[in-house]
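Me: I have a model open and would like to learn how to read it. Take me through it feature by feature, please.

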Amino acid sequence: MTTSSIDVGQVRTRPQVKNSKPLWRRIVKHAVLILGAVLMIYPLLWMFGSSFKPESQILGTANPFPGKGANLKGYISGWSALGFPFWRYFLNSFVICVLCIVGNLLSCSLAAFAFARLEFRFKGKMFAIMMGTIILPFHVLVVPQFVLFRTMGMVDTILPLVVPKFLAVDAFFIFLMIQFMRNVPRELDEAAALDGCGPLGLYWRIMMPLCLPALATTAIFTFIFTYNDFFSQLLYLSDTSKFTVPLALRSFIDNTATSNYAGLLAMSTLALLPVIGFFLVFQKLLVEGIATTGIK
Amino acid sequence: MSSSLVRSAGEQVEVPTPGTADLARPPEGAAMNKKGKSGKAGYLFLTPWIIGCVCLTLGPIIASLYFSFTDYSLLASPHWVGLKNYSDMFHDKRYWASVIVTVKYVFIGVPIKLGIALLIAILLKDGMRHMSVYRAIYYVPSLLGGSVAIAILWRQIFGDPGIFQSFLALFGIESQGWLTSPATSLNTLIVLEAWQFGSPMLIFLAGLRQMPQDLYDSAAVDGAGPLRKFWNVTFPLLTPILFFNLVLQMIGSFQAFTPSFIISSGTGGPVDSTLFYTLYLYIQGFGNLQMGYASAMAWVLLVVVGAITGLLFFTAKYWVFYGDSR
């Protein structure tokens, strides 16, 4: 952003160049930040604490700390409260996530490479369509996609959740990778071409290794989106043995919530851990990914 | 192409910021390709995307338009009914309830969310000790917020008996269940939306850290106070990012589904007060097997979201500041 000339208002002759801000303003600032942080984290803290509470101390108790009655009963009863032990639902979720990550990495990087480095007819138009699909509401596609997958006999399998990722439907990851590839120096392309490297070699040997940060960002966000996704899993998976974590939690509310709040909160806490873990490990990449593309 | 160094807590990271100018045109191909050598290679690389785009995006959009003019229950083949679904929608009270709920959710929730995001980004802008801790705490909810687990948590916070209720009781305020009363249930979902301000905050923060310091220095020399500096320097420079956040968040919250579904147990209640547009579409399409009706709803959503996005882009030239380029 080059902005050298901007009207900063009427000139007044009252020089007031001070670098350090007054103490009271710093205090107010930190007070607001700390209060805000407490408010933000409180619900999570409450859920975590309450998952260790005895049943009678959960509902309507604002204190997040479990106190003396702390126990693991919620985790034990929640783990096996549904038809299958909870590891089954985690496994189902993770299998879908891994396949979606592989699909997105391959298909989106191929498309991004074509848009970033190759010339072909209708490129501009295709690029415009690709960018347009970023803002397309998913729900517009949902009925025909369901009909399509149903005629292909794929309903109640994980295929409708996974196959689209191998066909590069998540256009914002293509966009993310294009942005990244733009910064790779073109001299590398030319040097590789001189060495007899074709487009495929250029893609696989030069571009992919250099785009690792963008690929990692794509993988992490694909994991988080897929893991949190509820709508399409609700649509396509109906057999309880195929349930994912969100579907299991949903049937938990329907079946047992009135009697087993500790179990419900314990399993909900466990359900959040993979995303929080991913955040803690990949914090830097996530933060950059957001700043680059504005995805969730 | 705008990219500059962003400093955060000692680390230096190259962050290209999102800008609307970049989005309009594809990047240029390498010199070697301009000789027409690899025209075919382009299509080869794009094959998965082309298949996906035709079969899973463009095809479905057209199919959805066709279904919207039919009576289609999924079990029998669709038969043409003309504009009946659209006129049914117009007379469907539940449909209008879902429109009103969604419009309130988007047009109240998004400004609140962006307002908080901007405020916190400004507070975090100068950096400080424990900066990354603050950033993490403010950001994590936006990664978790759309999940079923958080929607379950929200049922406990605003339920009856709920935590918020007992918190208010500490101050002697009696309240009914915040989720069980139709007057307040949507507000709890707006709070949930606002709680996820972390990702627009990070985008604001990246923008704020690129502000050219010399402008602030000259503004200070000219005697501008902090408010004036914000309004005359920071805000104009920030409008492209505000615009970007606005478009993204609006489109995102038009499509919110999970909180409404989980918190109301799939009904949109009480008294349709949390009946999101997408939830009603789901109920009609996959609950009542009215695929034609659901498709008509989907197309109206597409047109409305498209129109609002178009309107935002149209008004952008009056309030979005693009520096020297315009």
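Me: How many residues of chain B are in contact with chain A?

Reply: Contact means heavy atoms within 4.5 Å. By that rule, 122 residues of chain B are in contact with 125 residues of chain A. This is a predicted model, where local features need pLDDT of at least 70, side-chain atom pairs count only at pLDDT 80 or more, and totals for chains, interfaces and linings use all residues. Residues are numbered from 1 along each chain as its sequence is written, chains are lettered from A and ligands numbered from 1 in the order in which they are written, and side-chain values use heavy atoms, with hydrogens and water left out.

Me: What area do chain B and chain A bury between them?

Reply: Buried area is the accessible area (1.4 Å probe) that two parts lose on being put together, summed over both. Here the figure is about 10,800 Å², with 73% of it on carbon and sulfur atoms. Within chain B, Phe45(B), Trp49(B) and Leu56(B) lose the most area to chain A. Together they account for 8% of what that side buries.

Me: Which helix gives the largest share of the side of chain B that touches chain A?

Reply: Helices (H or I, at least four residues) and strands (E, at least two) are DSSP runs, numbered from the N terminus. Helix α3 (residues 39-67) of chain B gives the largest share, 21 residues.

Me: How many nonpolar, polar and charged residues does that side of chain B have?

Reply: Ala, Val, Leu, Ile, Met, Phe, Trp, Tyr, Cys and Pro count as nonpolar; Asp, Glu, Lys and Arg count as charged; the others, Gly among them, count as polar. The side of chain B that touches chain A has 82 nonpolar, 28 polar and 12 charged residues.

Me: How many salt bridges does the rule find across the interface of chain B and chain A?

Reply: Side chains of opposite charge can pair when their charged atoms come close. The rule asks for a side-chain nitrogen of Lys or Arg within 4 Å of a carboxyl oxygen of Asp or Glu. Across this interface it finds zero. Over all chains, the structure holds nine.

Me: Where are Asp189(A) and Arg117(A), which form a salt bridge?

Reply: Asp189(A) is in helix α8 (residues 186-194) of chain A, and Arg117(A) is in helix α3 (residues 86-117) of chain A. The two are 72 residues apart. Their closest N and O atoms are 2.5 Å apart. Both residues are buried, meaning under 20% relative accessible area, with exposed over 50% and partly exposed in between (1.4 Å probe, protein chains only).

Me: Which parts does the salt bridge of Lys242(A) and Asp156(A) tie together?

Reply: The N to O distance is 3.8 Å. Lys242(A) lies in the loop between α11 (231-236) and α12 (245-256) of chain A, and Asp156(A) in the loop between α5 (139-151) and α6 of chain A, so the pair ties together parts 86 residues apart in sequence. Lys242(A) counts as partly exposed because its relative accessibility is 30%. Asp156(A), at 17%, counts as buried.

Me: What surrounds Asn85(B)?

Reply: Asn85(B) sits in helix α4 (residues 84-90) of chain B. It counts as buried because its relative accessibility is 6%. Not counting residues up to four places away in sequence, Asn85(B) touches several residues, including Phe67(B), Thr70(B) and Tyr293(B). A polar atom of its side chain lies 2.9 Å from the backbone oxygen of Ser68(B).

Me: Where does pLDDT stay under 50 in chain A?

Reply: pLDDT is the predictor's confidence in each residue, from 0 to 100. Where it is low, the predicted coordinates should not be read in detail. In chain A it stays under 50 over residues 1-19. The model still has 38 contacts beyond four places in sequence for that stretch. Chain A has a mean of 87, and 90% of its residues reach 70 or more.

Me: What is the average pLDDT of chain B?

Reply: Chain B averages 85, and 87% of the residues score at least 70. Residues 1-21 of chain B stay under 50. Residues 30-36 of chain B are also below 50.

Note on methods: Polar contact = N/O pair within 3.5 Å; in protein donor to acceptor, adjacent residues only side chain to side chain.
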